[in-house]
Amino acid sequence: MTEAWNLTNGTVEVFVNGESKGTVPSSSNLGETVKRFARASGIKSVVVYLDGNELPQGGASDPIGQGEELEISSYDSQAG
């Protein structure tokens, strides 16, 4: 069986409302990273996903951890 190589070298790609905004080290603080990218995009209320799984607010003080894509979505864009 062939195994894919993870070439991210401990980084996570950050998306805001579906648009790539760059990468951060996977050891970065989750809450601080979300706040920084959300504020830069003018977003006040967000829903956060890591590799498609919604993250609870309770983990904001933790490092991002292992994953490839951190998605920060405006809470308003999730309504409907």
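1. How much of the accessible surface of the protein belongs to carbon and sulfur atoms? In this predicted model, the share is 47% of a surface of about 5,700 Å².

2. As for how the chain comes together, look at the contacts with a separation of 6 or more: 59% of them are between residues 24 or more positions apart.

3. Strand S1 covers residues 11-16 and strand S2 covers residues 19-25, and the two pair in the antiparallel sense over six bridges. For one example, find Phe15, whose bridge partner in S2 is Ser20. Together S1 and S2 make a hairpin, with two residues between the strands. In that turn, Asn17 has a positive phi of about 50 degrees.

4. Now look at the largest nonpolar core, which has 14 residues. Those touching the most other members are Val14, Leu30, Phe37, Ile64, Leu70 and Ile72. Two or more core residues come from each of S1, helix H1 (30-40), strand S3 (46-50) and strand S5 (69-74). H1 is the biggest giver, with four residues.

5. Phe37, Leu70 and Ile72 are, like Val14, among the core residues that touch the most other members.

Technical notes:
Residues are numbered from 1 along each chain as its sequence is written. This is a predicted model: local features need pLDDT of at least 70, side-chain atom pairs count only at pLDDT 80 or more; totals for chains, interfaces and linings use all residues. Side-chain values use heavy atoms; hydrogens and water are left out. Contact means heavy atoms within 4.5 Å. Accessible areas come from the Shrake-Rupley method with a 1.4 Å probe; for residues, only the protein chains shown count as cover. Two strands pair if DSSP finds at least two bridges between them. A nonpolar core is a set of buried Ala, Val, Leu, Ile, Met, Phe, Trp, Tyr and Cys residues joined through side-chain atoms within 4.5 Å. Buried means under 20% relative accessible area, exposed over 50%, partly exposed in between (1.4 Å probe, protein chains only).
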